[in-house]
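Here is a friendly briefing to read alongside your model. Please have the sequence and the 3D view open as you go through the points below.

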Amino acid sequence: MLSDLNFIILALISAVPLLLWMTGIFGSVLSDEHAQPMARLSNGAAALSFVCAAIAALLYALGGKSLTVTPFSVALPGDMGALALSLYINPVTVVMLSLVSFVGFVVSRYARNYLQGEKRQGRFYTWLNLTLASILTLIVSGNMLMFVLVWMTTSLCLHHLLMFYPERVGAVLAARKKIIVSRVGEISLLIAVLLIGSTLHTMEFETVFHTMAAMAGPLPVKLQWASWLIVLAAALKTAQFPLQGWLIQVMEAPTPVSALLHAGIVNGGAFLIIRMSPIMSQSITASNALTIIGIITIAAAGLIMLTQTSIKVFLAWTTTAQMGFMLLECGFGLYSLAMLHLVTHSLYKAHAFLSSGSVVDIFRTPAVRPAQSTPTFWQWLIVLAFAGLMTVGIGAAFGVTLESQPALLALGTIVAVAMTQLLLQSFKAGMGAAFIVRAVGLSALVCTAYFSLHAVFHFMLTTSLPAERMVDGPAQFTLIGLVMLTFFAILLIQQNLPNLVQYPIARRAYVHLYNGLYVDIPFSRLLQRFWPMQAAPCNQPKGV
């Protein structure tokens, strides 16, 4: 029997996606002539969904319990469990539900003015509501097979948003790439879930969590294969290098779609790893592969984004890099840190896309900048060492040491890199010792916030995530060193860009990086050869 508090939480959580499903289905029977009423209805439904999610999160924090509620199920053959309409309520669920419903409300409200006057505005809101409803249903899914089916539904609904301007050849090309990538990822995830079900004889996330926690000995072969397929599905969902082309080219869609995609849907890959963390945490080889994928993506995207001249394309490459960072965190077993990263990235990226027009205005505004001098190698090295020591010292105050949590401390060096960039501005600006002292204080504050927020998320999510895995193998220590070396190299290149342009090899590299190292061109050519572009007639839409 559910307690009164858990019953209220369950009712509120159920209402979050249900409101948007009802609004989307109702909106599908309206024509585009009723665009403004549909926009007001959608804004109201999105606002009410966020309110329900926020209240549910607050009540859960006051005394809610983790539970799975299954009103309907159908047994599967082969003792694989059941396909069930199942709701999984735990800390990860309430955090993600609040985040996505908030981003959805902001995007819905922004789109009302942005798309005003569009002939297809009513249709846009229909598919926006259905896409949001699919994402929210994915979050609350307690059954793995239900999760896969909703995962597919999210992709299908998103396709209609990406094709909002069907007369644009670029939009058609990006949407078709997304179709192919999504189908491969969905098939991989479906096979992985079937392998898990046939091994553990359940399809419920909560049961898998408890079963894996009690499992001793090596991971069964089927679960090892399942973990590799989950890595593939997550890498495709998060547009990891070199299969990031579809994400970069969806900039042809309206800005609200870009904001929803980059701040919500693309995070589904990291959310998948977090949901499957009981299995991934015991598959060391698959986790190492996840880390390597993240490192490669961070290195490639981190350099390519420096060459981009389009604000939205630049933001798209930063999304690819941030997704690589999240997968890297998951690969090291730092799932609570990945959740923290997911939340902060979603909020930042939604704001960045929705304010991209203002960014263009800022760049167009003439500015007077003081003369800057490039710091010497020794200054650069001293500042980096100081920032690293600060990170180690503050980490030790939070109980994070090289012996207990080397991976967490290694990723803390990324904060040291950010602090180094901040401190180097002190040398560049030449504003004296007082400015340097203020910069050091701010850097210490940022580093403290990093460890503090990680501690908060670890405390909130400790009952719904496996224990952080100890790094005990030479391969994992090598990967930690590679992560630090990668970010060190990227920082060095960023700080010396003005000097690098004088070398012919750097100018040639700039051209190749600007073109994304050409990794997406073969995919585009094959797609155009076997699936020729045939865009719809132009209906004179408003420009993006």
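A patch is built from residues with over 30% relative accessible area and no salt bridge, where like charges are joined within 9 Å and nonpolar side chains (Val, Leu, Ile, Met, Phe, Trp, Tyr) within 5 Å. Accessible areas come from the Shrake-Rupley method with a 1.4 Å probe, and for residues only the protein chains shown count as cover. This is a predicted model, in which local features need pLDDT of at least 70 and side-chain atom pairs count only at pLDDT 80 or more, while totals for chains, interfaces and linings use all residues. Residues are numbered from 1 along each chain as its sequence is written, and side-chain values use heavy atoms, with hydrogens and water left out.

**Nonpolar surface patch**

- Tyr510, Val511, Tyr514, Tyr518 and Ile521 make up a nonpolar patch on the surface, and together they have about 440 Å² of accessible area.
- Helix α22 (residues 504-514) supplies the largest share of this patch, three residues; helices (H or I, at least four residues) and strands (E, at least two) are DSSP runs, numbered from the N terminus.
- Isoleucine 521 belongs to helix α23 and has 33% relative accessibility, so it counts as partly exposed (buried is under 20% relative accessible area, exposed over 50%, and partly exposed in between, with a 1.4 Å probe and protein chains only).

**Second largest pocket**

- The second largest pocket has a volume of about 360 Å³. On a 1 Å grid over the protein atoms alone, a pocket is an open set of points with protein on both sides within 12 Å along at least five of seven lines, whereas a cavity is a set where a 1.4 Å probe fits but cannot get out; lining residues have an atom within 4 Å of a point.
- Grid points are joined across faces, edges and corners, and a volume is the space filled by probe spheres set on the points.
- This pocket is lined by 15 residues, and Ile248, Gln249, Tyr514, Asn515 and Gly516 lie nearest its centre.
- Two or more lining residues come from each of α9 (245-249), α14 (311-331) and α23 (521-530), with α9 giving the most, three residues.
- By class, the lining of the second largest pocket has seven nonpolar, seven polar and one charged (Ala, Val, Leu, Ile, Met, Phe, Trp, Tyr, Cys and Pro are nonpolar, Asp, Glu, Lys and Arg charged, and the others, Gly among them, polar).

- The whole structure holds three cavities of 30 Å³ or more, and the largest cavity has about 110 Å³ of space.
- Of the 13 residues lining the largest cavity, Ile135, Leu138, Gly264, Ile265 and Gly268 lie nearest its centre.
- The largest share of that lining, three residues, comes from α4.
- Eight of the eight residues of helix α11 (residues 268-275) are buried, so this helix is largely enclosed by the rest of the structure.

**Salt bridges**

- There are two salt bridges, each a side-chain nitrogen of Lys or Arg within 4 Å of a carboxyl oxygen of Asp or Glu.
- Lysine 177 and aspartate 520 form a salt bridge at 2.3 Å, N to O, and both residues are buried.
- Arginine 183 pairs with glutamate 186, with the closest N and O atoms 2.7 Å apart; these residues are three apart in helix α6, which means about one helical turn separates them.
- Arginine 183 is partly exposed at 26% relative accessible area, whereas glutamate 186 is buried at 4% relative accessibility.
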